[in-house]
Amino acid sequence: MAEPKAPASKDASNGIDTRLVRKLADILADTGLTEIEVEQGDLKIRVAREITLAPQQMTYAPAPMAAPQAPVAAAPVAAVAAPAADAPQRGEAVKSPMVGTVYLQGQPGSPAFIKVGDTVSAGQTLLIVEAMKTMNPIPAPNAGVVLQILVEDGQPVEFGEPLVIVE
């Protein structure tokens, strides 16, 4: 046998079932919804709640700092590294095509790809830039002599940062 239902509590002035409205409001609260709408024949009930969010404090990460340039250790290289201010710079800078970490040799303990004073041919690997776990060889743009190595092994580099000077 079916249980008898309690009579719906209706507002006599407009025929709205207040228990239904309360049920809908409870559903909003329980589910986290902000609006619910029910339609029965000509009767349409929409229950909504307004949520005001406190403005959030925007925080920004500090700008990344560029890695300090390594001091030049060898005396002959220092003379090339600090040319006179009015003298034109010799050679062509080979720049990093990506952000990553530079490695001067293929594997730890292996000899470096190049040294200052080495003669390189066009396309020869000068060093490697690791980006996203991928080793990217950086080739010499043309044949010439390595005048200067501007980075150290394991140093982070930015896009467009000069890595090597080749004349």
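Helix α1 has 14 residues and spans 20 Å from its first C-alpha to its last, close to the 20 Å expected at 1.5 Å a residue. The model is predicted. The buried residues of α1 are Leu-20, Leu-24 and Leu-28. Viewed down the helix axis, these buried residues fall within an arc of 85°, so they line one face of α1. They pack against β1 (35-40) and β2 (43-48). On the other side of the helix, Arg-22, Lys-23, Ala-29 and Asp-30 are exposed. Gly-32 follows α1, and its phi is positive, near 85°.

Val-21 also belongs to α1, which covers residues 18-31. Neighbours within four places in sequence aside, Val-21 is in contact with Ile-16, Ile-45 and Val-47. Between Val-21 and Val-38, the C-alpha to C-alpha distance is 9.6 Å, at a separation of 17 residues in sequence.

An open sheet is also present. Its four strands follow the order β3-β10-β8-β5, and the pairing is antiparallel. Strands β3 (92-95) and β5 (119-120) form the edges, each pairing on one side only. Strand β5 is joined to β8 (residues 144-149) by two bridges, and the two strands run antiparallel. Thr-119 has Val-145 as its bridge partner in β8.

How values were computed
Residues numbered from 1 in each chain as written. Predicted model: local features only at pLDDT ≥ 70, side-chain atom pairs only at ≥ 80, totals over all residues. Heavy atoms only, no water. Contact = heavy atoms within 4.5 Å. Pairing = 2+ DSSP bridges. Expected span 1.5 Å × (residues − 1). Buried < 20%, exposed > 50% of the residue type's maximum accessible area, 1.4 Å probe, protein only. Arc of directions from axis to C-beta.
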